[in-house]
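Here is a short briefing on one structure. Have the sequence and the model at hand while you read.

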Amino acid sequence: MRLIGSLTSPFVRFVRVTLAELCVEHEFEVTGPFGKTSPEHERIINSANPLMKVPVLDTGDHVIIDSRIIVNWLLRHHSSDGRFGADFPETLARENVLSTIYGVLEAGILRFIIQMSHPEIDMNAAYMARSIERVHSGLSALEHDPDITESFGPPEALLVCGLEWMRKRQVYDWSVHRRLVEIHAQHAERDSLVNTRIPDKI
């Protein structure tokens with residue numbers, strides 16, 4: 001089994017955390033972060049995924065090109081001994097939590113890419129203003145959502161990956177969301193998260 005992805009993507013990290021929690025042996029082919037991918041790695045990504053992005057998981061029998069589908073496949077095919085994601089999604093509400101986190105990250109990543117690529121653009125105008133509103137609205141909803149729990153499953157894993165990515169890239173100051181700060185602190189030192197953390201110098 002081979003995972004293709006960067007060390008910086010929160011979606012790749014979500015898959016890596018899942019692989020670690022499920023103790024799935026795999027090869028990790030590391031590509032460069034946004035804007036720093038080598039031509040060789042671009043060829044690898046583009047040949048594996050028509051959308052030209054990571055993560056990509058090659059299971060040997062299938063190539064899976066979306067992090068949510070990858071995680072669902074891993075949960076179905078690898079036992080977690082009743083721990084990580086064994087019953088996910090327990091409810092539609094838990095699926096909605098995961099969708100909200102994905103939406104927050106997609107809005108944040110859009111802002112980061114636009115700001116990096118086009119620094120002349122006003123990040124508080126038009127759709128860029130809407131994107132930060134989506135981030136704030138999504139995190140505010142998660143702050144009060146009872147379906148974010150003290151247990152550690154896929155939504156909590158993606159939440160921690162996303163919060164740390166936003167802090168690393170200075171996309172949004174989530175310290176105003178006190179409950180999310182507490183949830184982050186509760187889970188942040190799990191081995192699967194510590195061992196997949198974005199390196200300091202990237």
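Thr59 touches Met1, Ile64 and Trp73, leaving aside residues up to four places away in sequence. The model is predicted.

**Thr59 and its loop**
- Thr59 sits in the loop between strand E3 (56–58) and strand E4 (63–64).
- Thr59 has a relative accessible area of 15%, so it counts as buried, the cut-off being under 20%.
- A polar atom of the Thr59 side chain lies 3.2 Å from the backbone nitrogen of Asp61.

**Helix H1**
- Helix H1 covers residues 10–21, and its end C-alpha atoms are 16 Å apart.
- Ser9 caps the N-terminal end of H1, with a side-chain oxygen 3.2 Å from the backbone nitrogen of Phe11.
- After H1 comes Cys23, with a positive phi near 55 degrees.
- Of the 12 residues in H1, 11 are buried. Among them are Arg13, Arg16 and Glu21.
- The cover over the buried residues of H1 includes strand E1 (2–6), strand E2 (27–31), helix H3 (67–77), H4, helix H6 (154–168) and helix H8 (191–194).

**Largest nonpolar core**
- The largest nonpolar core holds 52 residues, and Leu139 and Met166 touch the most other members.
- Helix H4 (residues 92–117) gives the most to this core, with 9 residues.
- Domain 1 (2–78) and domain 2 (92–190) each supply at least three residues to this core.
- Met166 touches Val104, Val135, Leu139, Val171, Tyr172 and Trp174, again leaving aside residues up to four places away in sequence.
- In soluble globular proteins, nonpolar side chains tend to be buried together.

Definitions and conventions:
Residues are numbered from 1 along each chain as its sequence is written. This is a predicted model: local features need pLDDT of at least 70, side-chain atom pairs count only at pLDDT 80 or more; totals for chains, interfaces and linings use all residues. Side-chain values use heavy atoms; hydrogens and water are left out. A nonpolar core is a set of buried Ala, Val, Leu, Ile, Met, Phe, Trp, Tyr and Cys residues joined through side-chain atoms within 4.5 Å. Buried means under 20% relative accessible area, exposed over 50%, partly exposed in between (1.4 Å probe, protein chains only). Helices (H or I, at least four residues) and strands (E, at least two) are DSSP runs, numbered from the N terminus. Domain bounds come from an automatic or database domain assignment. Contact means heavy atoms within 4.5 Å. A polar contact is a pair of N or O atoms within 3.5 Å; within protein, one must be able to donate a hydrogen and the other to accept it, and residues adjacent in sequence count only if both atoms are side-chain atoms. The expected span of a helix is 1.5 Å times one less than its number of residues.
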